Amino acid sequence: MQAYAYMQKVSTEMDTLKEADEINHVIDELEFMHEVIDPEFQELCSDLIAQLMQKLKAVS
């Protein structure tokens, strides 16, 4: 998996995520990715996770 490309895809498609299970799936993938990617991408990954957590709260 290309970490940066995936994070870019998540960022551009975040508005299309409407269901809690979809959002949780993406959060799980990003959390795994956060553990294995270079430190230079971890902050971006953390920001995406935080945005998705807010979105998850809104749909729950």
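Mentor: The radius of gyration is taken over C-alpha atoms, and the globule rule sets it at 2.2 Å times the number of residues to the power 0.38. The structure to which we apply this rule is a predicted model.

Trainee: What radius of gyration does the protein have, and what would a compact globule with 60 residues have?

Mentor: A compact globule with 60 residues would have a radius near 10 Å; the protein has 11 Å, so the two agree. The span of the C-alpha trace along its principal axes is about 30 × 15 × 15 Å. Of the 60 residues, 30% are buried.

Trainee: How many helices and strands does the protein have?

Mentor: There are 3 helices and 0 strands. Read from the N terminus, the order of elements is α-α-α.

Trainee: How should I read the packing of α1 and α2, and at what angle do their axes cross?

Mentor: One begins with the angle between N-to-C directions, for which values over 145 degrees count as roughly antiparallel. Helix α1 covers residues 3–13 and helix α2 residues 20–36; their axes come within 12 Å and cross at roughly 150 degrees. The two helices are therefore roughly antiparallel to each other. Their crossing is left-handed.

Trainee: Which residues of α1 and α2 make the contact?

Mentor: On α1 they are A3, Y6, M7 and V10, and on α2 they are V26, E29, L30 and M33. Sorted by class, this contact has 7 nonpolar residues, no polar ones and 1 charged residue.

Trainee: At what angle do α1 and α3 pack?

Mentor: Here the cut-off lies at the other end of the scale, since angles under 35 degrees count as roughly parallel. Helix α3 spans residues 39–59, and α1 packs with α3 at about 30 degrees, the axes being 11 Å apart. That angle is why α1 is roughly parallel to α3. The crossing of α1 with α3 is left-handed.

Trainee: Which residues of α1 and α3 form this contact?

Mentor: Helix α1 contributes Y4, M7, V10 and S11, while α3 contributes F41, L44, C45, L48 and L52. By class, the α1 and α3 contact comprises 8 nonpolar residues, 1 polar residue and no charged ones.

Trainee: What share of the contacts with a separation of 6 or more joins residues 24 or more positions apart?

Mentor: Such pairs account for 66% of those contacts in the protein.

Key
Residues numbered from 1 in each chain as written. Predicted model: local features only at pLDDT ≥ 70, side-chain atom pairs only at ≥ 80, totals over all residues. Heavy atoms only, no water. Axes fitted to C-alpha atoms, helices over the stretch in contact; angles between N-to-C directions. Helix = DSSP H or I, 4+ residues; strand = E, 2+ residues; numbered from the N terminus. Parallel < 35°, antiparallel > 145°, perpendicular 65-115°, else oblique. Left-handed = near helix turned anticlockwise from the far one by under 90°. Contact = heavy atoms within 4.5 Å. Nonpolar A, V, L, I, M, F, W, Y, C, P; charged D, E, K, R; others polar. Buried < 20%, exposed > 50% of the residue type's maximum accessible area, 1.4 Å probe, protein only.
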